[in-house]
Amino acid sequence: MDTFKGLPLADGANGVYDPGERSVGVAGLRAAQGLLVAPKVWREPTESAAKLGITPPETTPDA
């Protein structure tokens with residue numbers, strides 16, 4: 001396995017990954033930092049929550 005990770009990178013590549021390795025990294029990042037949701041997409045569940053008396057989670061605007 002060390003040989004696989006030690007292969008030279010193709011132009012523009014940022015690493016050599018095992019199957020699923022990038023997905024695990026993205027999942028960890030999203031768990032720590034949250035997930036971007038467009039306001040248009042967020043509006044419907046927020047309005048539905050209000051009708052049901054549910055307080056939706058707070059959001060943080062894009063930086």
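**Figure 1. Overall view of the predicted protein model.** The protein has an average pLDDT of 85, and 92% of its residues score at least 70; pLDDT is the predictor's confidence in each residue, from 0 to 100. In this predicted model, local features need pLDDT of at least 70 and side-chain atom pairs count only at pLDDT 80 or more, while totals for chains, interfaces and linings use all residues. Residues are numbered from 1 along each chain as its sequence is written, and side-chain values use heavy atoms, with hydrogens and water left out. The secondary structure comes to three helices and zero strands (DSSP runs numbered from the N terminus: helices are H or I with at least four residues, strands E with at least two). The radius of gyration, taken over C-alpha atoms, is 19 Å, well over the 11 Å that the globule rule gives for 63 residues, so the protein is more spread out than a compact globule (the rule is 2.2 Å times the number of residues to the power 0.38). Along the principal axes, the C-alpha atoms fill a box of roughly 55 × 20 × 15 Å.

Figure 2. Helix α2 spans residues 21–33, which is 13 residues. From its first C-alpha to its last, α2 reaches 19 Å, close to the expected 18 Å (1.5 Å times one less than the number of residues). Just after α2, G34 takes a positive phi of about 90 degrees.

**Figure 3. The salt bridge between E21 and K5.** The side chains of E21 and K5 meet in a salt bridge at 2.6 Å, N to O (a side-chain nitrogen of Lys or Arg within 4 Å of a carboxyl oxygen of Asp or Glu). This pair links distant parts of the chain, with E21 in helix α2 and K5 in helix α1 (residues 2–5), 16 residues apart. E21 is partly exposed, with a relative accessible area of 32%, and K5 is partly exposed at 36% (buried is under 20%, exposed over 50%, partly exposed in between, with a 1.4 Å probe and protein chains only).

**Figure 4. D18 and K5.** D18 lies in the loop between α1 and α2 and is partly exposed, with a relative accessible area of 24%. The C-alpha atoms of D18 and K5 are separated by 8.6 Å.
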